[in-house]
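Subject: Structure for your files

Dear colleague,

Here is the structure I said I would pass on. My notes on what was found in it follow below.

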Amino acid sequence: MSKIMKNKFAVASIHLFRECNMSCAFCYRSKAEGTEKPLQFWKDAIPYFKELGIPQVAAGGGEPLMRPDWIKELAKKCKDNGLYFNFTTNGKMIRDVPMDTF
Ligand code: SF4
C-alpha cells in the first residue's frame, strides 16, 4: 500500500441496515439503494479499513441498537484491529441494552 493511499480517510462510515424503531418523516433510509449486507461482510471489511490506514469506524442504520449483537461484534472486531468504533443511535433503546454488552 503506497503512502499516498494511507491516512487518506479519517473514518469509515458504514450503514448496516434500514431497520429502525422510529418512523421519522425526514428519514433517508427508505430511499437508500442497494441490498443490506450480512454482519460477516462488515466484519471482513474491518481489516481492510485498517490496511487503508483508516483509524475509525462509524456505524449507522437504521437504528444500530435494533441488533445489539452486531454492534458488540463490530466493536470487538475494531478493538482487535486497533480501530476506534462508534455508532449513531436515536437513544430510544439505550436503557434496553446493558452497557457491558459493549
Ligand atoms: S431514528 Fe434515524 S434511522 Fe430511525 S427513522 Fe428516524 S431518522 Fe430514520
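Setting aside neighbours within four places in sequence, G62 is in contact with L16, F17, R18, E19, C20 and R29, where contact means that two C-beta atoms, placed from the backbone, lie within 7 Å. This is a predicted model, in which local features need pLDDT of at least 70 and side-chain atom pairs count only at pLDDT 80 or more, while totals for chains, interfaces and linings use all residues. Numbering starts from 1 along each chain as its sequence is written.

G62 sits in the loop between β2 and α2. Helices (H or I, at least four residues) and strands (E, at least two) are DSSP runs, numbered from the N terminus. G62 counts as buried because it has 22 C-beta neighbours inside 10 Å. The cut-offs are 20 or more other C-beta atoms within 10 Å of a residue's own for buried, 12 or fewer for exposed, and partly exposed in between, with C-beta atoms placed from the backbone. C27 is 35 residues from G62 along the chain, and their C-alpha atoms are separated by 9.1 Å. The peptide bond from G61 to G62 is cis, with omega near 5°. Most peptide bonds are trans.

G61 and G62 also belong to the shell around the ligand, together with C20, M22, S23, C24, C27, R29, E63 and N90. A residue is placed there if its C-beta atom, placed from the backbone, lies within 6 Å of the molecule. By class the shell has 4 nonpolar, 4 polar and 2 charged residues. Here Ala, Val, Leu, Ile, Met, Phe, Trp, Tyr, Cys and Pro count as nonpolar, Asp, Glu, Lys and Arg as charged, and the others, Gly among them, as polar.

Now the chain as a whole. Its secondary structure comes to 2 helices and 3 strands, in the order β-α-β-α-β along the sequence. The C-alpha trace spans about 45 × 35 × 20 Å along its principal axes. The chain has 102 residues, of which 17% count as buried. Of the contacts with a separation of 6 or more, 83% are between residues 24 or more positions apart.

The two helices come next. The axes of α1 (residues 39–51) and α2 (residues 68–80) come within 9 Å and cross at roughly 15°. The axes are lines fitted to C-alpha atoms over the stretch in contact, and angles run from 0 to 180 degrees between N-to-C directions. The crossing angle therefore makes α1 roughly parallel to α2, a term for angles under 35 degrees. On the α1 side the contact is made by L39, W42, K43 and I46, and on the α2 side by W70, E73, L74, K77 and C78. This contact has 6 nonpolar, no polar and 3 charged residues.

Within α1, the buried residues are W42, I46 and F49. The buried residues of α1 pack against β1 (12–15), β2 (56–60) and α2. L39, also found in α1, counts as partly exposed because it has 15 C-beta neighbours inside 10 Å. Not counting residues up to four places away in sequence, L39 touches W70 and E73. The C-alpha atoms of L39 and L65, 26 residues apart along the chain, are separated by 14 Å. After α1 comes G53, with a positive phi near 80°.

Regards

Notes
Angles under 35 degrees count as roughly parallel, over 145 as roughly antiparallel, 65 to 115 as roughly perpendicular and the rest as oblique.
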